[in-house]
Every structure is written in C-alpha cells, then in structure tokens.
Amino acid sequence: MAPTKPVVFVLGASGAIGSATVKSLSEKYAGKVEIRAGARNPEKADKLKGLEGVTLVQASMSDKDNLTTVLAGVSTLYIVVPGAENRVELTALSADAAKKAGVKHIAIVSLPMAEVKNTILGKQFSEIEENIKGLGVAYTILRLPYFMDNYLGFAATIKSDGQFYLPFSGDKSYVVVDTIDAAKAAAAILVDPSRHAGKTYNIASARLTNAEIASVFSSVLGKKVSFVQSDPKGTKEVMLGFGMPEWQVDAILELFDLLEQSGKGSSSLNPRDLGDFRKITGASPRSLKEYITAFAGVFQ
C-alpha cells in the first residue's frame, strides 16, 4: 500500500548529523511526513529506536541496487555525506540510485570549503555539489561549518590544566554550528523541499574566536580556561595518535591554516551573513553558552 504522507528518507542516519536530523523530524514533523532512517547497520542505531514515526531501514551507500530498492516511493532524500575518503563516489552512487528510484528532491550535506577547490575537502565537496547540481533532480545543499561538538575533545585538558589547544590564533573569527541547529534546519527543509529547491545554505550558529570561546568556558564552568595556540606539526601527531587517517588530518590542518589566514581564498569560510538558519526555521540558533552549559559535566 502506498504511503499516505510524503516519505522523507535520511541516508547515513546513525551518525551524529543523521541521528540528530531524524530526531528533529520525529519531534516536530512525525504527523506530517513518514520518516525513514537508513543505516548500514540498523541494529546498532540505538538512538533511533522507538522514535515516533520513524522506520529504520538497512541502506548502504556502496550498494546501488539496495538503495534503488529502499528509496522507491521516497519523496525527499537527505544524504549525510560520510567521512570516508571515497565520499565523492559514494554520494554520486547514492544520488544516481535516488534518481533511478524516482526521488523528487535531494538535500545533501556539504562544507563551506567547497569553494576552496585547491584543498582536500574543497576538491571533494566541490565535486559532490557539482554532481548533485547536474543530476537533473531538484536539490538543496546544506553547507555545515566547524561543529561545536568538536569542543568536546577539549574536555581532558580543560579538566587537567584549564586550557584547550588549536593551531591557529585566538583572535581569528570563524563560524561554527551546533549539531542540533544543523538538524533543525535540515528537518525544516526536508518537510517543505519545494521552498528550498536549487538553494545552497550556510547553516551557522555563531561566529567566534578562540579567545571568546575560552571566555565562555570560564564563565560557564566557574574557573579560568585559557586558549593556547598549538604547533601544527604537534597537532598532526596528536590527531594521528587518535587513529585518524592521515588524509583526514591533513584536510583538517588545511582548514585551520585557512582560518589562520582569516579565510584567505574564500569568504565562504567566514560569511558575513549568518542568517540562513533563522530564515529556514524562524528560530534563533543555540549559543555557545547554551551548548557548553548543556555539556558542562563533561568538562568538570
């Protein structure tokens, strides 16, 4: 039996962005759309189990036949681009499967770095955006900047010595987004896709400097927290020590280098207008103070 409501499908639903988007859809739009959450291993997607209006579906970006089958009857697809090095190929395969299945609208995650094509991330995401634009299916691109969730990685050193480290200056401003804000914007687009067809959005929560971030940490935690500029080589060693692949570490260091240059080469890294979130949702984004307050226990 055909669904009585439009079907929204989140592909890559088990990760941070995907699961937050599914949750946002469930909380606000379960009565308006049918929500399907596609994950490679649905049995491991504990955060999605029991959400109102959500059906978990086995879906792999590397299996075009599988995707063509599970995307049949879907109105709008959200492709949460994976962290894999072959993300260009995986998203192209997913988009082709969606077109073959008759999906009417595709929304996709991208990065502001898409405009800096001579970088690792820029090359990947500019190709992803170009593929989507040339597919012949209505689309919306959601560019997501540096995530506030990355600050959770500061917990150990903030606890031990009241400091956090990044390899660019404390006075360089950059744009960040809260995962919840990214999810709310995506959900609003997915339930009303025609309004957003052909648009590229910069979804942002705030513009901050590392010095300002340290001040907010100090205020919320009730102790002095300082920012220390680290050496890029030392930062690379630390990230490699966490088990991150070298290509990904080099890509992140390229981003930090551009931020040190105040976004030289692309204003997209620090756009003047941060109003897209409010335009899409009609709400104000979550502040860094609200974010740190919510996770204060992690840093204490």
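Strand 8 and strand 12 (residues 226-229) are paired in the parallel sense through four bridges, where strands are DSSP runs of E with at least two residues, helices are runs of H or I with at least four, both numbered from the N terminus, and pairing requires at least two DSSP bridges between two strands. The model is predicted: local features need pLDDT of at least 70 and side-chain atom pairs count only at pLDDT 80 or more, while totals for chains, interfaces and linings use all residues. Residues are numbered from 1 along each chain as its sequence is written, and side-chain values use heavy atoms, leaving out hydrogens and water.

Within this pair, Leu166 lies opposite Gln229 of strand 12. Leu166 also belongs, with Phe164, to the covered face of strand 8 (residues 163-166), whereas Gln163 and Tyr165 form the uncovered face. In a regular strand, side chains alternate between the two faces of the sheet.

The protein as a whole contains 12 helices and 12 strands. Its C-alpha trace extends over about 60 × 40 × 35 Å along the principal axes. The radius of gyration, taken over C-alpha atoms, is 19 Å, which agrees with the value near 19 Å for a compact globule of 300 residues; the globule rule is 2.2 Å times the number of residues to the power 0.38.

Of the 300 residues, 53% are buried, that is, under 20% relative accessible area (1.4 Å probe, protein chains only). Among contacts (heavy atoms within 4.5 Å) with a separation of 6 or more, 75% join residues 24 or more positions apart.

Definitions and conventions:
Buried means under 20% relative accessible area, exposed over 50%, partly exposed in between (1.4 Å probe, protein chains only).
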